[in-house]
Amino acid sequence: MDNPPKPGPLQVAQLDLDGPEGAVLAFGPALADGAEIDGGDVYALIRLRGRPVATLVCRIPPGRAPADAVAAEARALLARTPEAAPASAVPPPPPPRTSVVVATRERAERLARALDSLLAQDHPDYEIVVVDNAPTTTATRDLVEKEYAGRVRYVREDVPGLAVAHNRGIAIADGEILAFTDDDVIADPHWLTALTEPFAADPGLGCATGLILPARLGTPAQILLESHGGFAKGFTPKTYDPAAPPADEPLFPFTAGSFGSGANMAFRARALRDTGGFDPATGTGTPARGGDDLYAFVSVLAAGHRLRYTPGALVWHHHRESWRDLENQAYGYGAGLTAYLTALLVRHPALLPALLRKLPRGLAHARTITAHRDFGAAAVPGAHGAQDYPWPRRLSRLERRGMLAGPLGYAKARRRVRGIRPPWHGRTE
(Lines give C-alpha, C1' and ligand atoms only; values in the text may rest on other atoms or scores of the structure.)
Protein backbone atom coordinates (compact mmCIF):
# COMPACT_ATOMS: atom_id res chain seq x y z
CA MET A 1 0.00 0.00 0.00
CA ASP A 2 1.88 3.03 -1.32
CA ASN A 3 -0.81 5.72 -1.27
CA PRO A 4 -1.03 7.72 1.96
CA PRO A 5 -4.17 6.96 3.97
CA LYS A 6 -6.85 9.62 4.34
CA PRO A 7 -8.23 9.27 7.87
CA GLY A 8 -10.24 12.14 9.26
CA PRO A 9 -8.93 14.26 12.13
CA LEU A 10 -9.38 13.25 15.75
CA GLN A 11 -9.87 15.61 18.66
CA VAL A 12 -7.28 15.05 21.40
CA ALA A 13 -8.78 15.19 24.88
CA GLN A 14 -8.09 14.18 28.45
CA LEU A 15 -10.51 12.84 31.05
CA ASP A 16 -9.84 12.59 34.78
CA LEU A 17 -11.95 10.12 36.78
CA ASP A 18 -12.30 9.68 40.52
CA GLY A 19 -11.54 5.96 40.22
CA PRO A 20 -12.20 3.30 37.54
CA GLU A 21 -15.95 3.65 38.01
CA GLY A 22 -15.85 7.12 39.51
CA ALA A 23 -17.26 10.50 38.66
CA VAL A 24 -15.74 12.86 36.14
CA LEU A 25 -13.28 15.21 37.83
CA ALA A 26 -12.21 17.05 34.68
CA PHE A 27 -12.67 16.83 30.92
CA GLY A 28 -11.48 18.95 28.03
CA PRO A 29 -8.92 19.35 25.25
CA ALA A 30 -5.48 17.95 25.92
CA LEU A 31 -3.89 21.38 25.54
CA ALA A 32 -5.08 24.59 27.12
CA ASP A 33 -5.31 26.31 23.74
CA GLY A 34 -7.25 23.46 22.15
CA ALA A 35 -10.77 23.78 20.81
CA GLU A 36 -13.69 22.62 22.93
CA ILE A 37 -14.40 18.91 22.45
CA ASP A 38 -17.61 18.31 20.49
CA GLY A 39 -19.14 15.42 18.59
CA GLY A 40 -17.05 13.15 16.38
CA ASP A 41 -13.94 11.03 16.82
CA VAL A 42 -11.84 11.56 19.95
CA TYR A 43 -8.47 10.30 21.12
CA ALA A 44 -8.47 10.67 24.91
CA LEU A 45 -5.98 10.25 27.72
CA ILE A 46 -7.64 8.70 30.76
CA ARG A 47 -6.42 9.72 34.19
CA LEU A 48 -7.35 8.41 37.62
CA ARG A 49 -7.12 11.31 40.07
CA GLY A 50 -4.54 12.91 37.81
CA ARG A 51 -2.47 9.79 37.11
CA PRO A 52 -2.30 8.72 33.42
CA VAL A 53 -3.54 5.13 33.09
CA ALA A 54 -4.82 4.59 29.53
CA THR A 55 -5.78 6.05 26.19
CA LEU A 56 -8.86 5.32 24.16
CA VAL A 57 -10.29 6.18 20.77
CA CYS A 58 -14.05 6.58 20.52
CA ARG A 59 -16.83 8.37 18.68
CA ILE A 60 -19.13 10.79 20.47
CA PRO A 61 -22.70 10.15 19.28
CA PRO A 62 -24.72 13.15 18.08
CA GLY A 63 -26.56 14.84 20.91
CA ARG A 64 -24.51 13.12 23.63
CA ALA A 65 -22.53 15.23 26.09
CA PRO A 66 -18.86 14.66 25.19
CA ALA A 67 -17.72 14.18 28.80
CA ASP A 68 -20.45 11.60 29.44
CA ALA A 69 -19.72 9.69 26.23
CA VAL A 70 -15.96 9.51 26.78
CA ALA A 71 -16.41 8.67 30.48
CA ALA A 72 -18.69 5.74 29.62
CA GLU A 73 -16.10 4.38 27.16
CA ALA A 74 -13.34 4.92 29.71
CA ARG A 75 -15.16 3.05 32.49
CA ALA A 76 -15.83 0.15 30.11
CA LEU A 77 -12.17 0.07 29.07
CA LEU A 78 -10.91 0.13 32.66
CA ALA A 79 -13.33 -2.63 33.63
CA ARG A 80 -11.69 -5.01 31.15
CA THR A 81 -8.12 -3.79 31.73
CA PRO A 82 -5.93 -5.25 34.48
CA GLU A 83 -6.04 -2.75 37.31
CA ALA A 84 -2.90 -0.64 37.53
CA ALA A 85 -1.04 -0.59 40.81
CA PRO A 86 -2.35 2.30 42.90
CA ALA A 87 -0.09 5.21 43.64
CA SER A 88 1.91 4.69 46.81
CA ALA A 89 0.47 6.28 49.93
CA VAL A 90 4.01 7.00 51.15
CA PRO A 91 5.16 10.43 49.91
CA PRO A 92 8.22 10.06 47.68
CA PRO A 93 11.42 11.88 48.62
CA PRO A 94 11.74 15.33 47.05
CA PRO A 95 13.33 15.27 43.60
CA PRO A 96 16.92 16.52 43.29
CA ARG A 97 17.97 19.85 41.79
CA THR A 98 17.33 19.50 38.05
CA SER A 99 18.37 21.27 34.86
CA VAL A 100 16.01 21.06 31.87
CA VAL A 101 17.89 21.32 28.56
CA VAL A 102 16.00 22.28 25.39
CA ALA A 103 17.96 22.31 22.14
CA THR A 104 16.35 24.32 19.35
CA ARG A 105 17.02 25.77 15.93
CA GLU A 106 14.97 28.57 14.35
CA ARG A 107 11.59 27.58 15.83
CA ALA A 108 10.96 30.45 18.22
CA GLU A 109 7.15 30.22 18.10
CA ARG A 110 7.13 26.55 19.08
CA LEU A 111 9.87 27.12 21.61
CA ALA A 112 7.76 29.75 23.37
CA ARG A 113 4.91 27.26 23.88
CA ALA A 114 7.33 24.69 25.26
CA LEU A 115 8.97 27.18 27.61
CA ASP A 116 5.62 28.36 28.95
CA SER A 117 4.79 24.76 29.90
CA LEU A 118 8.23 24.20 31.43
CA LEU A 119 7.94 27.30 33.57
CA ALA A 120 4.64 25.97 34.97
CA GLN A 121 6.19 22.81 36.46
CA ASP A 122 5.50 21.84 40.07
CA HIS A 123 9.10 20.67 40.61
CA PRO A 124 10.55 22.45 43.68
CA ASP A 125 14.06 23.18 42.37
CA TYR A 126 14.96 23.43 38.69
CA GLU A 127 16.41 25.63 35.95
CA ILE A 128 15.79 25.79 32.19
CA VAL A 129 18.64 25.97 29.68
CA VAL A 130 17.95 26.75 26.00
CA VAL A 131 20.69 25.75 23.56
CA ASP A 132 20.48 27.67 20.28
CA ASN A 133 22.00 25.28 17.74
CA ALA A 134 23.74 26.71 14.66
CA PRO A 135 21.36 29.69 14.42
CA THR A 136 21.00 31.69 11.23
CA THR A 137 18.96 34.48 12.89
CA THR A 138 18.71 36.04 16.34
CA ALA A 139 15.07 34.94 16.80
CA THR A 140 15.74 32.41 19.55
CA ARG A 141 18.11 34.65 21.48
CA ASP A 142 15.70 37.59 21.20
CA LEU A 143 12.84 35.45 22.48
CA VAL A 144 14.74 34.16 25.51
CA GLU A 145 16.33 37.46 26.44
CA LYS A 146 13.21 39.59 25.94
CA GLU A 147 10.36 37.30 27.02
CA TYR A 148 12.07 34.99 29.51
CA ALA A 149 14.86 37.11 30.96
CA GLY A 150 15.92 35.89 34.39
CA ARG A 151 13.83 32.72 34.06
CA VAL A 152 15.58 30.85 31.24
CA ARG A 153 19.32 30.55 30.55
CA TYR A 154 20.55 30.93 26.96
CA VAL A 155 23.64 29.42 25.36
CA ARG A 156 24.69 29.25 21.72
CA GLU A 157 26.27 26.20 20.07
CA ASP A 158 27.52 26.84 16.53
CA VAL A 159 28.33 23.22 15.59
CA PRO A 160 25.14 21.75 14.09
CA GLY A 161 23.66 18.61 15.57
CA LEU A 162 21.29 17.70 18.36
CA ALA A 163 23.87 15.70 20.31
CA VAL A 164 26.40 18.53 20.18
CA ALA A 165 23.73 20.94 21.39
CA HIS A 166 22.78 18.62 24.24
CA ASN A 167 26.43 18.30 25.23
CA ARG A 168 26.69 22.09 25.39
CA GLY A 169 23.70 22.09 27.72
CA ILE A 170 25.35 19.42 29.89
CA ALA A 171 28.43 21.62 30.19
CA ILE A 172 26.65 24.63 31.68
CA ALA A 173 23.82 22.94 33.59
CA ASP A 174 24.10 22.94 37.38
CA GLY A 175 21.54 20.26 38.25
CA GLU A 176 22.25 16.92 39.83
CA ILE A 177 19.73 15.59 37.30
CA LEU A 178 19.71 16.63 33.63
CA ALA A 179 16.34 16.44 31.88
CA PHE A 180 15.94 16.80 28.12
CA THR A 181 12.93 17.63 26.01
CA ASP A 182 12.22 19.17 22.60
CA ASP A 183 10.92 22.51 21.44
CA ASP A 184 7.84 20.86 19.92
CA VAL A 185 6.37 19.48 23.16
CA ILE A 186 4.02 20.77 25.82
CA ALA A 187 4.95 19.39 29.24
CA ASP A 188 2.30 18.34 31.73
CA PRO A 189 2.68 20.43 34.93
CA HIS A 190 3.75 17.31 36.89
CA TRP A 191 6.15 16.10 34.18
CA LEU A 192 9.46 17.11 35.69
CA THR A 193 8.63 15.99 39.22
CA ALA A 194 7.44 12.58 38.01
CA LEU A 195 10.50 12.16 35.78
CA THR A 196 13.04 13.01 38.48
CA GLU A 197 11.52 11.58 41.69
CA PRO A 198 12.87 8.08 40.87
CA PHE A 199 16.45 9.36 41.13
CA ALA A 200 15.89 10.33 44.76
CA ALA A 201 14.47 6.89 45.54
CA ASP A 202 17.14 4.84 43.70
CA PRO A 203 20.82 5.87 43.99
CA GLY A 204 21.70 3.37 41.25
CA LEU A 205 19.40 4.96 38.71
CA GLY A 206 21.23 6.57 35.81
CA CYS A 207 18.37 7.40 33.43
CA ALA A 208 14.61 7.89 33.40
CA THR A 209 12.17 8.25 30.52
CA GLY A 210 8.49 9.14 30.34
CA LEU A 211 5.26 9.03 28.38
CA ILE A 212 4.90 10.88 25.06
CA LEU A 213 1.42 11.40 23.62
CA PRO A 214 0.25 13.31 20.51
CA ALA A 215 -0.66 16.96 21.00
CA ARG A 216 -2.76 16.96 17.84
CA LEU A 217 -4.10 14.37 15.40
CA GLY A 218 -5.29 16.64 12.64
CA THR A 219 -3.52 15.33 9.53
CA PRO A 220 -3.25 11.88 7.92
CA ALA A 221 0.50 11.84 8.61
CA GLN A 222 0.02 12.51 12.33
CA ILE A 223 -2.69 9.87 12.62
CA LEU A 224 -0.69 7.29 10.68
CA LEU A 225 2.34 7.76 12.92
CA GLU A 226 0.29 7.44 16.10
CA SER A 227 -1.66 4.46 14.74
CA HIS A 228 1.62 2.57 14.57
CA GLY A 229 2.72 3.34 18.10
CA GLY A 230 4.03 6.88 17.86
CA PHE A 231 6.38 7.50 20.76
CA ALA A 232 4.26 5.91 23.49
CA LYS A 233 5.68 3.12 25.65
CA GLY A 234 2.54 2.35 27.60
CA PHE A 235 1.28 2.94 31.11
CA THR A 236 3.22 0.34 33.09
CA PRO A 237 6.30 1.57 34.98
CA LYS A 238 9.36 -0.55 34.28
CA THR A 239 12.92 -0.67 35.54
CA TYR A 240 15.70 -1.93 33.27
CA ASP A 241 18.61 -3.32 35.26
CA PRO A 242 21.80 -4.50 33.51
CA ALA A 243 22.43 -6.82 36.46
CA ALA A 244 19.06 -8.53 35.83
CA PRO A 245 18.25 -8.32 32.10
CA PRO A 246 14.52 -8.59 31.33
CA ALA A 247 13.57 -12.09 30.28
CA ASP A 248 11.06 -10.79 27.72
CA GLU A 249 13.71 -8.73 25.89
CA PRO A 250 16.42 -11.13 24.69
CA LEU A 251 18.14 -8.35 22.72
CA PHE A 252 18.58 -6.15 25.80
CA PRO A 253 20.11 -3.58 25.91
CA PHE A 254 20.45 -3.06 22.17
CA THR A 255 16.72 -2.54 21.55
CA ALA A 256 17.09 0.88 23.12
CA GLY A 257 14.05 2.23 21.31
CA SER A 258 11.86 0.35 23.78
CA PHE A 259 13.24 2.38 26.69
CA GLY A 260 11.89 5.77 25.66
CA SER A 261 12.65 8.72 23.41
CA GLY A 262 14.77 11.84 23.46
CA ALA A 263 11.80 14.18 23.84
CA ASN A 264 11.29 12.90 27.38
CA MET A 265 14.40 11.70 29.20
CA ALA A 266 16.57 12.53 32.19
CA PHE A 267 19.99 11.39 33.42
CA ARG A 268 21.97 11.60 36.59
CA ALA A 269 24.50 14.26 35.61
CA ARG A 270 27.53 12.41 36.90
CA ALA A 271 26.56 9.20 35.10
CA LEU A 272 25.98 11.00 31.79
CA ARG A 273 29.21 12.97 31.96
CA ASP A 274 31.23 9.92 33.02
CA THR A 275 30.01 7.98 29.96
CA GLY A 276 30.94 10.86 27.62
CA GLY A 277 27.50 12.36 27.13
CA PHE A 278 25.89 12.17 23.71
CA ASP A 279 27.96 11.04 20.73
CA PRO A 280 28.33 14.26 18.66
CA ALA A 281 28.30 12.22 15.44
CA THR A 282 24.70 11.11 16.08
CA GLY A 283 21.39 12.91 16.16
CA THR A 284 19.21 15.20 14.09
CA GLY A 285 21.24 17.77 12.18
CA THR A 286 24.03 15.31 11.30
CA PRO A 287 24.38 12.80 8.43
CA ALA A 288 23.55 10.09 11.00
CA ARG A 289 20.01 11.54 11.23
CA GLY A 290 19.32 10.23 14.75
CA GLY A 291 20.29 7.70 17.39
CA ASP A 292 21.73 10.12 19.96
CA ASP A 293 19.18 9.20 22.62
CA LEU A 294 19.52 5.46 21.98
CA TYR A 295 23.29 5.68 22.25
CA ALA A 296 23.04 7.49 25.59
CA PHE A 297 20.55 4.96 26.99
CA VAL A 298 22.79 2.00 26.19
CA SER A 299 25.96 3.77 27.34
CA VAL A 300 24.46 4.47 30.76
CA LEU A 301 23.14 0.91 31.07
CA ALA A 302 26.50 -0.51 29.96
CA ALA A 303 28.15 1.45 32.77
CA GLY A 304 26.00 -0.47 35.26
CA HIS A 305 23.26 2.09 35.94
CA ARG A 306 19.56 1.31 35.92
CA LEU A 307 16.96 2.94 33.66
CA ARG A 308 13.37 3.66 34.74
CA TYR A 309 10.36 4.18 32.46
CA THR A 310 7.83 6.38 34.28
CA PRO A 311 4.45 6.89 32.53
CA GLY A 312 3.44 9.58 35.03
CA ALA A 313 6.02 11.86 33.39
CA LEU A 314 3.93 13.09 30.45
CA VAL A 315 4.66 15.41 27.54
CA TRP A 316 2.41 16.16 24.56
CA HIS A 317 4.34 16.01 21.29
CA HIS A 318 3.47 17.87 18.10
CA HIS A 319 3.86 15.15 15.48
CA ARG A 320 5.04 16.15 12.03
CA GLU A 321 2.14 17.23 9.88
CA SER A 322 2.90 16.47 6.22
CA TRP A 323 3.44 13.31 4.24
CA ARG A 324 6.93 14.51 3.26
CA ASP A 325 7.72 15.01 6.95
CA LEU A 326 6.67 11.42 7.65
CA GLU A 327 8.83 10.12 4.81
CA ASN A 328 11.83 11.95 6.21
CA GLN A 329 11.03 10.62 9.66
CA ALA A 330 10.82 7.01 8.45
CA TYR A 331 14.19 7.31 6.70
CA GLY A 332 15.66 8.97 9.78
CA TYR A 333 14.41 6.20 12.07
CA GLY A 334 16.25 3.60 10.05
CA ALA A 335 19.43 5.65 9.69
CA GLY A 336 19.49 6.60 13.35
CA LEU A 337 19.10 2.99 14.45
CA THR A 338 22.11 1.63 12.60
CA ALA A 339 24.10 4.82 13.25
CA TYR A 340 23.70 4.35 16.99
CA LEU A 341 24.72 0.68 16.71
CA THR A 342 27.79 1.78 14.76
CA ALA A 343 28.57 4.37 17.44
CA LEU A 344 28.46 1.63 20.08
CA LEU A 345 30.92 -0.46 18.07
CA VAL A 346 33.30 2.47 17.69
CA ARG A 347 33.10 3.99 21.17
CA HIS A 348 32.36 0.95 23.32
CA PRO A 349 34.39 -1.88 21.77
CA ALA A 350 33.91 -4.00 24.90
CA LEU A 351 30.28 -4.39 23.81
CA LEU A 352 31.32 -5.82 20.45
CA PRO A 353 31.02 -9.56 21.29
CA ALA A 354 27.52 -9.21 22.72
CA LEU A 355 26.43 -6.85 19.95
CA LEU A 356 27.65 -9.11 17.16
CA ARG A 357 25.98 -12.08 18.81
CA LYS A 358 22.65 -10.27 18.93
CA LEU A 359 22.92 -8.03 15.85
CA PRO A 360 21.20 -10.30 13.29
CA ARG A 361 18.15 -10.66 15.50
CA GLY A 362 18.35 -6.97 16.34
CA LEU A 363 18.18 -5.91 12.70
CA ALA A 364 15.31 -8.33 12.07
CA HIS A 365 13.52 -6.83 15.04
CA ALA A 366 14.17 -3.31 13.78
CA ARG A 367 12.30 -4.06 10.57
CA THR A 368 9.14 -4.56 12.61
CA ILE A 369 9.34 -1.39 14.71
CA THR A 370 6.59 0.27 12.66
CA ALA A 371 4.22 -2.68 13.01
CA HIS A 372 1.21 -2.45 15.32
CA ARG A 373 2.44 -2.75 18.88
CA ASP A 374 0.71 -3.64 22.11
CA PHE A 375 1.22 -1.07 24.85
CA GLY A 376 -1.33 -2.41 27.31
CA ALA A 377 -3.96 0.25 27.83
CA ALA A 378 -2.67 2.51 25.06
CA ALA A 379 -5.26 2.73 22.29
CA VAL A 380 -4.21 4.02 18.88
CA PRO A 381 -6.15 5.48 15.96
CA GLY A 382 -7.28 2.78 13.59
CA ALA A 383 -8.29 0.43 16.38
CA HIS A 384 -11.90 1.64 16.46
CA GLY A 385 -14.82 0.86 14.17
CA ALA A 386 -13.89 -0.53 10.79
CA GLN A 387 -11.01 1.88 10.24
CA ASP A 388 -7.50 0.61 9.64
CA TYR A 389 -4.41 2.56 8.62
CA PRO A 390 -1.79 0.13 7.29
CA TRP A 391 1.82 1.29 7.19
CA PRO A 392 2.61 2.08 3.53
CA ARG A 393 5.25 -0.05 1.84
CA ARG A 394 6.99 3.11 0.69
CA LEU A 395 7.69 4.09 4.29
CA SER A 396 9.01 0.62 5.07
CA ARG A 397 11.33 0.84 2.07
CA LEU A 398 12.54 4.27 3.18
CA GLU A 399 13.20 2.93 6.65
CA ARG A 400 15.26 0.04 5.25
CA ARG A 401 17.19 2.44 3.02
CA GLY A 402 17.92 4.53 6.08
CA MET A 403 19.19 1.47 7.93
CA LEU A 404 21.63 0.77 5.10
CA ALA A 405 22.79 4.41 5.07
CA GLY A 406 23.15 4.82 8.83
CA PRO A 407 26.72 3.51 9.27
CA LEU A 408 28.02 5.65 6.39
CA GLY A 409 26.15 8.66 7.75
CA TYR A 410 27.77 8.10 11.12
CA ALA A 411 31.22 7.87 9.52
CA LYS A 412 30.64 11.16 7.68
CA ALA A 413 29.39 12.86 10.83
CA ARG A 414 32.30 11.52 12.85
CA ARG A 415 34.77 13.10 10.43
CA ARG A 416 32.97 16.43 10.77
CA VAL A 417 33.18 16.47 14.56
CA ARG A 418 36.68 15.01 14.84
CA GLY A 419 38.55 16.79 17.59
CA ILE A 420 35.46 17.98 19.44
CA ARG A 421 35.79 17.01 23.08
CA PRO A 422 33.00 17.03 25.66
CA PRO A 423 32.66 20.71 26.62
CA TRP A 424 32.64 19.82 30.33
CA HIS A 425 36.08 18.16 30.04
CA GLY A 426 38.05 18.93 33.18
CA ARG A 427 34.98 20.05 35.13
CA THR A 428 34.73 18.81 38.68
CA GLU A 429 31.38 17.89 40.23
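I call a residue buried when its relative accessible area is under 20%, exposed when it is over 50%, and partly exposed in between, using a 1.4 Å probe and protein chains only.

**Ground rules**

I am looking at a predicted model, where local features need pLDDT of at least 70, side-chain atom pairs count only at pLDDT 80 or more, and totals for chains, interfaces and linings use all residues. Residues are numbered from 1 along each chain as its sequence is written, and side-chain values use heavy atoms, with hydrogens and water left out.

**Cysteines**

I looked up Cys58 and found that it counts as buried because its relative accessibility is 4%. Cys207 is buried as well, since its relative accessible area is 0%. A disulfide is a covalent bond between the sulfur atoms of two cysteines. I searched for pairs of cysteine sulfur atoms within 2.5 Å, and the count of disulfides came to 0.

**The whole chain**

I counted 11 helices and 13 strands in the chain. These are DSSP runs numbered from the N terminus: helices are H or I with at least four residues, strands are E with at least two. Of the 429 residues, 55% are buried. I took a contact to mean heavy atoms within 4.5 Å. Among contacts with a separation of 6 or more, 79% are between residues 24 or more positions apart. The accessible surface of the chain is about 18300 Å², and carbon and sulfur atoms hold 54% of that. Those areas come from the Shrake-Rupley method with a 1.4 Å probe; for residues, only the protein chains shown count as cover.

**A covered helix**

Next I checked helix H5, residues 191-201, and found it mostly covered, with 8 of its 11 residues buried. Among the buried ones are Trp191, Leu192, Pro198 and Phe199.

**Asp132**

I found Asp132 in strand S6, which spans residues 126-133. A salt bridge needs a side-chain nitrogen of Lys or Arg within 4 Å of a carboxyl oxygen of Asp or Glu. Leaving out residues up to four places away in sequence, I noted that Asp132 touches several residues, including Thr104, Tyr154, Arg156 and Glu157.

**A nonpolar patch**

On the surface I noted a nonpolar patch of Leu345, Val346, Leu352 and Leu356, with about 290 Å² of accessible area together. Helix H9 (323-347) and helix H10 (352-366) are the elements that give two or more residues to this patch. Patch residues have over 30% relative accessible area and no salt bridge; like charges are joined within 9 Å, and nonpolar side chains (Val, Leu, Ile, Met, Phe, Trp, Tyr) within 5 Å. Leu356 lies in helix H10, and it counts as partly exposed because its relative accessibility is 47%.

Most residues other than glycine have a negative phi, and most peptide bonds are trans. I then listed the exceptions I had looked up. Arg49 has a positive phi near 50°. Arg49 sits in the loop between strand S3 (40-48) and strand S4 (51-60), and it counts as exposed because its relative accessibility is 58%. Glu106 has a positive phi near 55°. Glu106 is in the loop between strand S5 (98-104) and helix H2 (108-119), and with a relative accessible area of 27% it is partly exposed. Finally, a cis peptide bond joins Phe252 and Pro253, with omega about 5°. I placed Pro253 in the loop between strand S11 (238-240) and strand S12 (264-268).
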